[in-house]
Amino acid sequence: MTKLADNKPDLRILPPVSDVLATDAAAEIGEAGGQRHLSDLARAAVDSLRSELNSPDGAGMLAFVSREELLEEAVRRLRAAWRADQNAGIRKVINATGVIVHTNLGRAPLSADAVKALAETAAGYCTLEYDIEKGSRGKRGARAEALLAELTGAEAAVIVNNCAAAAFFILTVFAKGGEAIVSRGELVEIGGDFRIPDVLKQSGTKLIEIGTTNRTRISDYENAIGPDTAVLLKVHTSNYKIIGFTEAPPLKALAELADQQGILLYEDAGSGAIADLGAFGLGDEPNIGRSVSDGAHLVSFSGDKLLGGPQAGLIVGKAELIEKLRMHPLYRALRVDKLIYAALEATLDAYRRGSEQSDIPVLKMLSANKEDLEARTAKFVERLAGLNGLKAEISTSEMAVGGGAAPGVNPETPVAVLSHEDLSAVEIEKRLRSTQPAVIARIADDKLLVDLRTVDERDDVLLARALENAMNDVVQV
Ligand SMILES: *Cc1c(COP(=O)(O)O)cnc(C)c1O
């Protein structure tokens with residue numbers, strides 16, 4: 001191989017960055033990503049080749065590659081870097097996991113009306129703080145709040161960024177410097193970084209733990225109340241369930257106690273539903289209307305869990321308390337934007353009309369009929385028959401609501417089970433992730449499970465095509 005005098009490999013055959021920039025791939029990337037970003041990526045691609053060829057292993061390669069091959073490799077790296085950059089952003093995926101409220105995949109998909117409200121109403125100028133009847137300044141979020149109050153039977157409502165913000169907000173405004181009484185069975189972590197004891201600490205509230213993990217009585221609350229007690233905090237345990245020898249006082253009893261003592265009763269309901277989900281086996285999920293009528297003074301819940309709307313922290317309760325929240329300086333930092341109000345209003349309108357089960361994707365998926373899903377899955381499996389070494393059959397698995405809702409509620413649900421004569425489930429899963437749009441599926445017992453419950457029916461064809469593409473890669477391997 002050619003060597004320069006100082007014994008360094010001769011890298012003159014390495015293509016200059018300008019050659020990479022002159023390719024069709026570069027033109028495409030430059031158009032989409034801008035010339036400066038393209039130059040950065042092209043330089044990085046050539047740099048990475050250079051440092052590899054400069055390494056002891058790479059130097060040996062020089063004898064066997066041509067300048068054309070090196071250019072091709074640089075372009076391949078340029079494309080890969082561009083793809084990685086794109087994939088790092090928000091991209092459409094097909095959720096074939098069967099987990100309906102999938103936090104990693106954006107929780108609730110929005111209803112068609114909510115999407116329309118975003119695109120046609122909120123994206124441009126709109127009446128965010130304008131009263132069109134009076135022709136003067138209006139109250140931000142007024143209609144969404146009124147709908148929330150109406151649908152839950154609460155006196156008033158206020159909306160913040162998410163349910164974690166709602167909890168922090170309420171505790172800061174009403175309990176800072178005082179004590180919050182919480183059952184040991186409810187000191188939970190709700191995925192990620194939301195831990196009740198930490199939220200209390202951040203809000204400057206002292207946590208008073210009472211009862212035991214499995215049993216807490218009303219007398220435990222009574223005995224813990226002292227001069228510094230600011231709030232009785234009831235937390236929905238959301239993502240786990242204590243079963244067996246358990247006890248917790250009903251919310252009504254807590255409300256009586258709180259009223260008697262002049263203390264705030266706040267329930268963090270988390271996934272909370274405003275429709276009755278008993279028919280789907282979710283009767284244990286807190287129903288916000290019931291919490292309000294049982295006497296909770298304030299209740300907070302997420303907009304993008306079982307409600308099926310955009311991310312938001314929804315707070316309902318006594319008008320005087322809501323007003324206090326609204327007037328607090330923190331509200332300005334936690335409030336939501338016009339996009340959220342628009343999508344939320346459209347979502348809540350479906351509840352008011354009584355069409356939530358057909359209009360709101362989360363509820364539609366929850367209520368999907370087993371026979372219909374079976375028929376759809378059978379059709380999907382048929383469509384895959386004959387794909388390159390792929391075996392597809394219909395089977396049953398357990399469904400999961402997800403999003404920290406309804407643990408232990410896992411009715412049987414039909415799934416397509418895929419396996420391949422040459423490829424592991426892990427490999428198929430990886431290939432599906434690299435299709436456009438990416439398909440996210442679940443692996444169990446070295447088989448790939450595709451659950452159509454969480455796939456929009458309009459995406460069935462896209463999904464089958466993605467699988468075809470993934471399998472066609474096999475030929476090229
Ligand atoms: C999910 C959940 C939260 C956090 O809600 P976000 O809207 O994700 O911030 C808080 N509390 C409970 C009980 C929850 O289930």
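## Burial and Thr 413

A residue is buried when its relative accessible area is under 20%, exposed when over 50%, and partly exposed in between, using a 1.4 Å probe and protein chains only. Thr 413 has 0% relative accessibility and therefore counts as buried. Thr 413 belongs to strand E14 (residues 412-420); helices (H or I, at least four residues) and strands (E, at least two) are DSSP runs numbered from the N terminus. The Thr 413 side chain forms a polar contact with the side chain of Arg 453, at 2.9 Å. Such a contact is a pair of N or O atoms within 3.5 Å; within protein, one must be able to donate a hydrogen and the other to accept it, and residues adjacent in sequence count only if both atoms are side-chain atoms.

## Basis of the model

This is a predicted model in which local features need pLDDT of at least 70 and side-chain atom pairs count only at pLDDT 80 or more, while totals for chains, interfaces and linings use all residues. Residues are numbered from 1 along each chain as its sequence is written, and side-chain values use heavy atoms, with hydrogens and water left out.

## Aromatic rings

The structure holds one aromatic pair. The ring centres of Phe 169 and Tyr 331 are 6.5 Å apart and the planes meet at 20°, so the pair is stacked (rings of Phe, Tyr and Trp, its six-membered ring, pair with centres within 6.5 Å; planes under 30 degrees apart are stacked, over 60 edge-to-face, the rest tilted). Phe 169 in helix H8 (residues 163-175) and Tyr 331 in helix H14 (residues 329-334) are 162 residues apart, so the pair links distant parts of the chain. Both Phe 169 and Tyr 331 are buried.

Elsewhere, Arg 215 lies over the face of Phe 245, 3.7 Å from the ring centre (the criterion is NZ of Lys or CZ of Arg within 6 Å of the ring centre and within 35 degrees of the ring normal).

## Pockets

A pocket is an open set of points on a 1 Å grid over the protein atoms alone, where a 1.4 Å probe fits, with protein on both sides within 12 Å along at least five of seven lines; lining residues have an atom within 4 Å of a point. The largest pocket holds about 1,300 Å³ of space, a volume being the space filled by probe spheres set on the points. Among its 45 lining residues, Pro 109, Pro 361, Met 365, Thr 454 and Asp 456 are the closest to the centre.

The second largest pocket holds about 840 Å³. Its lining has 37 residues, with Lys 234, His 236, Thr 237, Ala 248 and Asp 284 nearest the centre. Helix H12 supplies the largest share of this lining, three residues.
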